[in-house]
Amino acid sequence: MTRMETLSIQRSAARFLRYAILIVYAVTTIAPFVWIFLTSLKGATEVYVNSFGLPRAWKFINFSTAWSKARVSVYFGNSLLYSFGSLFMCLLFAGMVSYVLTRVWRNLALFSYFMIGIMVPIQALLIPTFMLMKNIGLLNTRIGLMAIYVAANLSLSIFIISGFMRGVPIELEDAAFVDGCSRARFFFTIMVPLSKGGFATAAVLTFLNCWNDFVFAYIFISPMNLKTISQGVMILKGEYITDFGLLSSGLVISIIPVFIMYILFQEQVVTGLTAGAIKG
Amino acid sequence: MKRNIRFILIFTAPAFVIYTLIIIYPTVACGYFSLFNWDAASRMDLVWLHNYLSLFRDPEYRQVIYNTAMLIVESLAIQLPFSALISFLLFRTVRGFKLFRAVYFIPVVIAPIAIGTMFVIFYNTDGPLNTLLKVFGLGALQQRWLSDPKVVLHSVIFPQMWQYAGVLIMILLAALQSVPGEILESALIDGAGSLAIYFRILIPMTWEAFSICIILTVTGSLRSFDHPWIMTMGGPGLSSAYLTVFMARTAFMDYRYGYGSAIGISIIAISLLFVVMFRKFASGRMQA
């Protein structure tokens, strides 16, 4: 064989190996989710006898049982409320502060003050926030949990949104003022639309953090009708551990919104999560 | 000017109030509580730094430090190199690039609770993992994955590594893509092989991304709570408990809020200490 032929065989082998590894890893990434979806359609203990095959009978009823009898609908609704409510408030407050910090009063000390939150691991504050909420009387309330979610996401949202706002040309603002526009109106009608990207990224991240949260909901919410979907998953695991089909269907229900959000907003998710990572 | 001040106050107040109340004040309060022996029902006994001295001598604390350290070590020794490998392979791949990238990131967005529960089913003693081992003739390797104290820690560590590899891959991939093309081209022209290119050129040039990954891994591990809690609640005993789990159990199950707060402060301190020291180390390295 000529040297050229050996080289090209080597290159093909390397390429084959490269794709093999990437594909195998991709499969191991998706497989668990496919498996959980299949398990959710199986009978209670079918996963023991038929772990990896297709369900014998496609028990879609698992989903409706989880939804109503296991009260997943309640938890799901609560999570929707908490996530969107917190997200709205967080974006509003973060946007307002970001505008001040980037255009009105560029105070580095204040900005750094808000960035402390990114460095502090919020789980470590579990105990004092619990005490605080208890003393204020906001323990086991929707508002209390949402306040925590807002606070927890403020630092990162401010970081992201102010980044985008800095890119908005200052001349726009000057022009608006010359025309007699008030600062507040400028903010709502011009600044926000122009920094849409920042708001979108912060929105997606905040939603993810709220929807996926477990520890705060677990510690701060005890009444059954106020619990989140994460707590719901844990409850399902406790009550229905013998019925893996039902448990899995609850899991699938809890995952679907995040999955949809990922498909629709993949760009923002990746940008946001890596930006947050890089800062923290 | 006056109207400006009013505007600033109105627009800053909501965020400032909520943030100070729920983030800053509790951080200070945590330090305050850690100076007491307190069960939240009766009296608070001021014990100054006694809680911290107890922590040093506490074998349970040492165990959870060990567990958390294991999480960090395994992540750095297994998850990071593996993610580097995948990101490098992906970097050189054109067909399917976007699809692979999208897929690898999926586990990252899923709730840790969901991932943990999936693995609970998977790890079941009569369940899929053990069955799979039997099928491949590796029946001898079967374990009681979540109840055997000898393996439970690793059983809990693995899902976390699996879930968040996608973040590291993204970061490293972005760094690789920002290396100027000319450098790679001239290296190829000079006849450098892939491995040489990777180790002598790409890794040094993406060192900053690697340090970000390391910081992320360490700080993320110090925060980890959901995975062990849903899978084992830190058990059996404390064999799969991280610092945060130990803190939560001490405060909310043993009603020792003062001691728990001390653990919380130690988590914050270790986190900050690591970031500061590592940043110093990393920037010194980069200038060298």
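Biologist: A residue is buried if 20 or more other C-beta atoms lie within 10 Å of its own, exposed if 12 or fewer, and partly exposed in between. In this predicted model, is Arg71(A) buried, partly exposed or exposed?

Modeller: Arg71(A) lies in the loop between helix 3 (61-69) and helix 4 (72-104) of chain A. Although Arg71(A) is not a glycine, its phi is positive, at about 65°. Its C-beta atom has 17 others within 10 Å, so Arg71(A) is partly exposed.

Biologist: Is Trp48(B) buried or exposed?

Modeller: Trp48(B) is found in the loop between strand 2 (44-46) and helix 2 (50-57) of chain B. Trp48(B) is not a glycine, yet it has a positive phi of about 50°. Most residues other than glycine have a negative phi. Because 10 other C-beta atoms lie within 10 Å of its own, Trp48(B) is exposed.

Biologist: Is Asn153(A) buried or exposed?

Modeller: The place of Asn153(A) is in helix 7 of chain A. Leaving aside residues up to four places away in sequence, Asn153(A) touches Cys90(A), Thr206(A) and Asn209(A). There are 28 C-beta neighbours of Asn153(A) inside 10 Å, so this residue counts as buried.

Biologist: What distance in space lies between the C-alpha atoms of Asn153(A) and Ala202(A)?

Modeller: Along the sequence, Asn153(A) and Ala202(A) are 49 residues apart. From C-alpha to C-alpha, the separation of Asn153(A) and Ala202(A) in space is 8.5 Å.

Biologist: Pro193(A) is another residue of chain A. What distance separates its C-alpha atom from that of Val269(A)?

Modeller: Pro193(A) belongs to helix 9 (residues 183-194) of chain A. Pro193(A) counts as exposed because it has 10 C-beta neighbours inside 10 Å. Pro193(A) and Val269(A) are 76 residues apart along the chain, and the distance between their C-alpha atoms is 19 Å.

Biologist: Which residue just after helix 6 of chain A takes a positive phi?

Modeller: Helix 6 of chain A covers residues 126-136, and its buried residues include Leu126(A), Ile127(A), Phe130(A) and Met133(A). Just after this helix, a positive phi of about 90° is taken by Gly137(A).

Biologist: How many residues does helix 7 of chain A give to the largest nonpolar core?

Modeller: The largest nonpolar core has 163 residues, and Ala94(A), Val97(A), Leu154(A) and Leu172(B) touch the most other members. To this core, helix 7 (residues 142-165) of chain A gives the most, and its contribution is 16 residues.

Biologist: Which helix of chain A gives the most to the side of chain A that touches chain B?

Modeller: In all, 65 residues of chain A are in contact with 68 residues of chain B. Those of chain A divide into 50 nonpolar, 12 polar and three charged. With 10 residues, the element of chain A that gives the most to this side is helix 1 (residues 3-39).

Biologist: What percentage of the residues in chain B are buried?

Modeller: Chain B holds 13 helices and two strands, and its C-alpha trace spans about 75 × 75 × 35 Å along its principal axes. Of its contacts with a separation of 6 or more, 69% join residues 24 or more positions apart. Among the 288 residues of chain B, the buried share is 42%.

Biologist: Which element of chain B has the lowest mean pLDDT?

Modeller: The model scores ipTM 0.87 and pTM 0.87. Chain B averages a pLDDT of 87, and 95% of its residues score at least 70. The highest mean among the elements of chain B, 94, belongs to helix 3 (residues 59-91), and the lowest, 74, to helix 9 (residues 194-205).

Technical notes. Residues numbered from 1 in each chain as written. Chains lettered and ligands numbered in written order. Predicted model: local features only at pLDDT ≥ 70, side-chain atom pairs only at ≥ 80, totals over all residues. Contact = placed C-beta atoms within 7 Å. Helix = DSSP H or I, 4+ residues; strand = E, 2+ residues; numbered from the N terminus. Nonpolar A, V, L, I, M, F, W, Y, C, P; charged D, E, K, R; others polar. Core = buried A, V, L, I, M, F, W, Y, C linked by C-beta atoms within 7 Å. pLDDT = per-residue confidence, 0-100.
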